[in-house]
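Hello,

Here is the structure I promised to pass on to you. Please have a look at it first, and then read on for what turned up.

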Amino acid sequence: MSGGLIGAGQYYRKSASQSFGNLAQAEAQREQTNKQIDQAEKQSDMSTVGTGAALGAYIGAGTSVGGPYGALIGAGVGLLATMAF
């Protein structure tokens with residue numbers, strides 16, 4: 001009878017150990033996915049700021065604001081747009 005109990009205990013211990021291993025692997029994968037999402041969001045924000053700067057320079061080139069100042073204003077607008085959305 002005790003052999004059956006020992007065998008059952010060993011089975012449950014092995015099963016629990018495998019479950020913890022699977023949970024740790026899933027957690028590591030979740031963390032990696034979250035890092036990739038954060039990186040993509042940062043790249044998107046920088047792209048929006050760059051687009052705003054380019055658009056500001058383009059529009060500013062034909063006005064009294066001038067290219068560099070228009071680029072700065074456009075970058076600011078792009079930055080504000082990333083914060084708002």
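Helices here are DSSP runs of H or I with at least four residues, numbered from the N terminus. Please keep in mind that this is a predicted model, in which local features need pLDDT of at least 70 and side-chain atom pairs count only at pLDDT 80 or more, while totals for chains, interfaces and linings use all residues. Residues are numbered from 1 along each chain as its sequence is written, and side-chain values use heavy atoms, with hydrogens and water left out.

Let me start with helix α1, which covers residues 2-61. Glu27 and Arg30 both sit in this helix, three residues apart, or about one turn. Their side chains form a salt bridge, with 2.7 Å from N to O; the term asks for a side-chain nitrogen of Lys or Arg within 4 Å of a carboxyl oxygen of Asp or Glu. One salt bridge is what a search of the whole structure finds.

How exposed are the two partners? Glu27 has a relative accessibility of 32%, so it counts as partly exposed, and Arg30 is also partly exposed, at 45%. For these labels, buried means under 20% relative accessible area, exposed over 50%, and partly exposed in between (1.4 Å probe, protein chains only).

The search of the whole structure also gives one aromatic pair. The ring centres of Tyr11 and Tyr12 are 5.4 Å apart and the planes meet at 65°, so this pair is edge-to-face. Rings of Phe, Tyr and Trp (its six-membered ring) pair if their centres lie within 6.5 Å, with planes under 30 degrees apart called stacked, over 60 edge-to-face and the rest tilted. Tyr11 is exposed at 56% relative accessibility, and Tyr12 is exposed at 58%.

Now to helix α2, residues 67-84, where Leu80 lies. Leu80 is exposed, with 57% relative accessible area. Together with Leu79 and Met83, Leu80 makes a nonpolar surface patch of about 330 Å². Such a patch joins nonpolar side chains (Val, Leu, Ile, Met, Phe, Trp, Tyr) within 5 Å, from residues with over 30% relative accessible area and no salt bridge; the areas come from the Shrake-Rupley method with a 1.4 Å probe.

Which residues does Ala75 touch, beyond its neighbours within four places in sequence? They are Val49, Gly52 and Ala53, where contact means heavy atoms within 4.5 Å. Ala75 is found in helix α2 and is buried, at 18% relative accessible area.

Best wishes

Terms used: Patches are made of residues with over 30% relative accessible area and no salt bridge: like charges are joined within 9 Å, nonpolar side chains (Val, Leu, Ile, Met, Phe, Trp, Tyr) within 5 Å. Helices (H or I, at least four residues) and strands (E, at least two) are DSSP runs, numbered from the N terminus.
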